[in-house]
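Welcome! Please take a moment to turn the model around before you read on.

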Amino acid sequence: EEEEEEEEGSESSSPPVSYQMKTPPEGCCTTDGFCQAGKDLRLVSISNEHIEVPSGFLLVGAKSPNLPDHLLVCAVDKRFLPDDDGRNALLGFSGNCVGCGKKGFCYFTEFSNHINLKLTTQPKKQKHLKYYLVRNAQGALTKGSVICWKG
């Protein structure tokens, strides 16, 4: 709620101010669909690239409010993702950037800032992770099943 108090200065006719933990450091890329290192994370752009995925991690697609027609590719520790019934996900987050290779993001807010995923709300942030990503018969990365978040 502290962050909301800082946003009170925005006019009601303007779009909602995105929730962000902090602004990116000087010189970082802030373009939607790219990480702060300037690497493209859009599924359509990197579907045919070889992406190193550490053991225990899965590639998932994040839906950005600013890029409704695109999925951003993310590597997330599968322990923090729900099973098929939407249960048994550990609380917290662990993720890596598939663009620049930066590892060890422990907070989804920090990770979303790095991948320029503009969050409009703080609660249920991980629900921006929408789809599992799979390789099709041609070896291209494609949208797979929906991640089943409950509650």
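The report below walks through this structure one topic at a time.

## The overall plan

What you see is a predicted model. Its chain has 3 helices and 5 strands. If you start at the N terminus and follow the chain, the elements come in the order α-α-β-β-β-α-β-β.

The chain has 151 residues, and 38% of them count as buried.

## How confident is the predictor?

The mean pLDDT of the chain is 82, and 79% of the residues reach 70 or more. Where is confidence lowest, and where is it highest? The lowest mean, 39, belongs to helix α1 (residues 2-6), while β3 has the highest, at 96.

Over residues 1-21, pLDDT stays under 50. For that stretch the model has 20 contacts beyond four places in sequence.

## A cluster of rings

Now for the aromatic side chains. A pair of aromatic rings is described by the distance of the centres and the angle of the planes. The count here comes to 4 aromatic pairs. One of them joins Phe93 and Phe108: the ring centres are 5.2 Å apart and the planes stand at 80°, so this pair is edge-to-face. The two partners come from distant parts of the chain, with Phe93 in the loop between β2 (71-77) and β3 (95-96) and Phe108 in helix α3, 15 residues apart. Are these two residues buried or exposed? Phe93 counts as buried because its relative accessibility is 4%. Phe108 is buried too, with a relative accessible area of 3%.

Phe108 also forms an aromatic pair with Phe111, and this one is tilted, at 6.3 Å centre to centre with 50° between the planes. Both residues sit in helix α3, 3 residues apart, which is about one turn of the helix. Phe111 has 0% relative accessibility, so this residue counts as buried. Putting the picture together, ring pairs link Phe93, Phe105, Phe108 and Phe111 into a cluster.

## A charge over a ring

Which residue lies over its face? It is Lys143, at 4.5 Å from the ring centre of Tyr131.

Let us visit some loops. Gln126 lies in the loop between α3 (108-114) and β4 (129-135). With a relative accessibility of 19%, Gln126 counts as buried, because the cut-off for buried is under 20%. Leaving aside neighbours within four places in sequence, Gln126 is in contact with Gly92, Phe93, Phe108 and Trp149. Gln126 and Tyr107 are 19 residues apart along the chain, and their C-alpha atoms are separated by 10.0 Å.

Ser64 is placed in the loop between β1 (57-63) and β2. Its relative accessibility is 2%, so Ser64 counts as buried. Beyond its neighbours within four places in sequence, Ser64 is in contact with His70, Leu72 and Leu117. Leu91 belongs to the loop between β2 and β3. Is Leu91 buried or exposed? At 83% relative accessibility, Leu91 counts as exposed. From Leu91 to Leu81, the C-alpha distance is 9.2 Å, and the two are 10 residues apart in sequence.

## The cysteines

How many disulfides does the structure hold? The number is 0. Cys29, for example, is in no disulfide, and the nearest cysteine sulfur, that of Cys35, is 7.1 Å away. A disulfide would need the two sulfur atoms within 2.5 Å.

Cys29 has a relative accessible area of 18% and is therefore buried. Cys106, at 47% relative accessibility, counts as partly exposed.

Methods:
Residues are numbered from 1 along each chain as its sequence is written. Side-chain values use heavy atoms; hydrogens and water are left out. Helices (H or I, at least four residues) and strands (E, at least two) are DSSP runs, numbered from the N terminus. Buried means under 20% relative accessible area, exposed over 50%, partly exposed in between (1.4 Å probe, protein chains only). Contact means heavy atoms within 4.5 Å. Rings of Phe, Tyr and Trp (its six-membered ring) pair if their centres lie within 6.5 Å; planes under 30 degrees apart count as stacked, over 60 as edge-to-face and the rest as tilted. A charge sits over a ring if NZ of Lys or CZ of Arg is within 6 Å of the ring centre and within 35 degrees of the ring normal. pLDDT is the predictor's confidence in each residue, from 0 to 100.
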